[in-house]
Amino acid sequence: MSGADLLFYLFAALALGAAVLVVSLRNPMYGAISLLATFLSIAALFLLRHAEFVAAVQIFVYGGGIMVLFLFVIMLVNLHRMRETTKYDRQTPLAAVLGVLLVALFVTVFAAASFGPPLARPEVFTAGARGISGNTQAVAWVLYRDYLLPFEIASLFLLIAMIGAVVLGRRT
């Protein structure tokens, strides 16, 4: 077993453990921190597969933007006024049965699937472009050369949405 395999298993176990903590912790702040650990572990898994661009997007969008949104929601909710309830009422037996069925479905699908050999050379994706030396540069080349108009239209929609959010947020 190589060092990359050990890192994969380490980050996969960390992502699974943090994801379980997200849904099992009662304190929402600790759940949000566990969610951030999940996002960062998944970004590390993307880095191990030589997908640097996707890892950077994972960190910026999910680790940055989504986590800030979650933290704002947690801060706006008055946790002291919420009444104490049991976390898992009558859902526990149904959730356990559905969980076992889901695991059985995954086992049957993965047992029947045939996985090819792993991609030994990620540079085959950039073979068509001359002078491109990596995954991130290949994504940027395709995005700004072949899909420039849809990219600019999406950026205008995001700008309009941001201006609308500022206008709606300033109302009293």
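**View 1. Helix H2 packs against helix H3 (residues 52–76).** The two axes come within 8 Å and cross at roughly 175 degrees. Axes are lines fitted to C-alpha atoms, for helices over the stretch in contact, and angles run from 0 to 180 degrees between N-to-C directions. From H2, the contact includes Pro-28, Met-29, Phe-39 and Phe-46. From H3, it includes Glu-52, Val-54, Tyr-62 and Phe-70. Contact means heavy atoms within 4.5 Å. The contact of H2 with H3 has 19 nonpolar, 2 polar and 1 charged residues. Here Ala, Val, Leu, Ile, Met, Phe, Trp, Tyr, Cys and Pro count as nonpolar, Asp, Glu, Lys and Arg as charged, and the others, Gly among them, as polar.

This is a predicted model: local features need pLDDT of at least 70, side-chain atom pairs count only at pLDDT 80 or more, and totals for chains, interfaces and linings use all residues. Residues are numbered from 1 along each chain as its sequence is written, and side-chain values use heavy atoms, leaving out hydrogens and water.

**View 2. Helix H1 (residues 3–24) meets helix H2 (residues 28–48).** Their axes lie 8 Å apart, at an angle of about 155 degrees. H1 and H2 are therefore roughly antiparallel to each other. Among the H1 residues in the contact are Phe-8, Phe-11 and Val-22. Gly-31, Ser-34 and Leu-48 are among their partners in H2. By class, this contact of H1 with H2 has 17 nonpolar, 4 polar and no charged residues.

**View 3. Asn-135 sits in helix H5 (residues 135–145).** Buried means under 20% relative accessible area, exposed over 50%, and partly exposed in between (1.4 Å probe, protein chains only). Beyond its neighbours within four places in sequence, Asn-135 is in contact with His-50, Ala-51 and Glu-52. Val-54 is 81 residues away from Asn-135 along the chain, yet their C-alpha atoms are separated by 9.4 Å.

**View 4. The whole protein has 6 helices and 0 strands.** Helices (H or I, at least four residues) and strands (E, at least two) are DSSP runs, numbered from the N terminus. Of the 172 residues, 13% are buried. Among contacts with a separation of 6 or more, 55% join residues 24 or more positions apart.

Conventions:
Parallel < 35°, antiparallel > 145°, perpendicular 65-115°, else oblique.
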